[in-house]
Amino acid sequence: MKVTKSIWFFVIIFAFFYGGCQCNSQAHQAEPANLELRFDNCASEKIIVERITPDDIIKTDSITLDKNGNGLLRLFPETEEFVLLRFPSNDFIPLVISKNTLFKVTADCHNIGQTFNIEGNTEAEALTVYFRRLFRDMAVSDSLGERLRMYKETSQFSAVQQEVMTQYELLYAQHKQFAFSLLDAAPDNLANLLILNQNIGNQRVFEMQTDTSLYFLIDRSLFGRFPENPHVVKFHEEVSTHKQELAIKQLAAQRLAPGNKAPDFSLPDISGRWLSLSDFQDKTVLLSFWASWENGTPNNLEMLKIMYDDYKDKGVEFIAVSMDNDETIWKNIVRQQKTKWLNVSDLKSSASPLIQLYNLPEKLPVYYLIGKDGVILAQYPSMMEIDEILYSF
């Protein structure tokens, strides 16, 4: 079992004390979170207590178990908080602790990931169910990666790669469905903030951009239950920002919908000559937004070449707009592609004003088809749709 480095957690503001520390607050002394630890095959082991912050995982204390693998931790959280119990093997057990609560934490140190159990509240139970499945699936993912590495220098690599990818995709889909069922069944569970931000292999299980409805549901549920909890407040801020971004994109999509005027722009071509979209008002224009690092671009290149040859004498102009930022790479690729259409770029990449002007997504290439009157005919059309529209002229 390995630690997922990309775990993203939320702000935890707390006072964390262990054992017989001197505490000034009588309220803290009266309302601890008591953790009874009972670990098989962990005689006299030292367990590290870690605090999870938005940016790091910080060691805050430790406890040495007795000869039977038992121990008692007394923690004093201000509110519900996330902590980890870290073992010498680097395995860990995640917890959501709260005041005036008794937690019973058990595990076999020979196989912590599949044997740990937490009792104390609904968050603890959810973490037990989810993370035991996560640790199991992570181990399977690691074994698939190791199998692929074993065949890397052999003639069987392609076949094994296809088999491994198929198995991984199935593993990922099953894990995501399992996690979704837990989140959907109890959207107001604070443990959801940990579950939402896990990986299988190098792939995030959930993303706000693609699982928007789920994030909105959990935000509403958690904010209604824990409106002042710093974890929830931080999550709510992130979701609110995403909502604002979606609203902006929706307005941009409406502004760029077919029937609206295409926004004008001016860019230098590969020879340094400046061109404007408005220079081609007597032609139908296909705008192709692409980038050298996108795998999708070469797949469409040959189809674009065929369409260019078919329609260049019918008043159609192709303009390829590169979103690269390296002039040498851009020009070399254009020359290698041996394309006959116009190539332009401001070489500003993610800082280009074209991203907002044409509401460009992260994934490229995308296309706009613009009529002779400067009106948008199609926004993000497929290759087939482009061909059908141009064929109808």
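A residue counts as buried when its relative accessible area is under 20%. Keep that cut-off in mind on this tour of a predicted model.

**Stop 1: the disulfide**

Select Cys-42 and Cys-109. These two residues form a disulfide, with their sulfur atoms 1.3 Å apart, and the structure holds 1 disulfide. Turn the view to look along the S-S bond: the angle about it is -90°, and the link is left-handed. Now show the neighbouring elements. Cys-42 sits in the loop between β1 (33-40) and β2 (46-52), while Cys-109 sits in the loop between β7 (101-108) and α2 (112-115), so the pair ties together parts that are 67 residues apart in sequence. Are the two cysteines buried or exposed? Cys-42 has a relative accessible area of 2%, so it is buried. Cys-109, at 16%, is buried as well.

**Stop 2: a pair of helices**

Next select residues 122-150, which make up helix α3, and residues 157-185, which make up helix α4. The two helices pack at an angle of about 170°, and their axes are 10 Å apart. That angle makes α3 roughly antiparallel to α4, because angles over 145 degrees count as such. Colour the contact by residue class: 14 nonpolar, 5 polar and 4 charged residues take part in the contact of α3 with α4.

**Stop 3: the largest pocket**

Select Lys-249, Ile-355, Leu-360, Pro-361 and Glu-362. Of the 20 residues that line the largest pocket, these lie nearest its centre. The space in this pocket comes to about 720 Å³. Which helix gives the most to the lining? Helix α7 does, with 7 residues. Coloured by class, the lining of the largest pocket has 9 nonpolar, 6 polar and 5 charged residues.

**Stop 4**

Move to the loop between α10 and β16 (366-370), where Pro-365 is found. Leu-364 and Pro-365 are joined by a cis peptide bond, with omega about 10°. In the loop between α10 and β16, select Asn-359 too. Asn-359 is not a glycine, yet its phi is positive, at about 50°. With 11% relative accessibility, Asn-359 counts as buried.

**Stop 5: Tyr-380**

Finish at Tyr-380, in the loop between β17 (376-379) and α11 (383-391). Tyr-380 is another residue with a positive phi, here about 55°, although it is not a glycine. Its relative accessible area is 31%, so Tyr-380 is partly exposed.

Note on methods. Residues are numbered from 1 along each chain as its sequence is written. This is a predicted model: local features need pLDDT of at least 70, side-chain atom pairs count only at pLDDT 80 or more; totals for chains, interfaces and linings use all residues. Side-chain values use heavy atoms; hydrogens and water are left out. On a 1 Å grid over the protein atoms alone, a cavity is a set of points where a 1.4 Å probe fits but cannot get out, and a pocket is an open set with protein on both sides within 12 Å along at least five of seven lines; lining residues have an atom within 4 Å of a point. Grid points are joined across faces, edges and corners, and a volume is the space filled by probe spheres set on the points. Helices (H or I, at least four residues) and strands (E, at least two) are DSSP runs, numbered from the N terminus. Ala, Val, Leu, Ile, Met, Phe, Trp, Tyr, Cys and Pro count as nonpolar, Asp, Glu, Lys and Arg as charged, and the others, Gly among them, as polar. A disulfide is a pair of cysteine sulfur atoms within 2.5 Å. Buried means under 20% relative accessible area, exposed over 50%, partly exposed in between (1.4 Å probe, protein chains only). Axes are lines fitted to C-alpha atoms, for helices over the stretch in contact, and angles run from 0 to 180 degrees between N-to-C directions. Angles under 35 degrees count as roughly parallel, over 145 as roughly antiparallel, 65 to 115 as roughly perpendicular and the rest as oblique.
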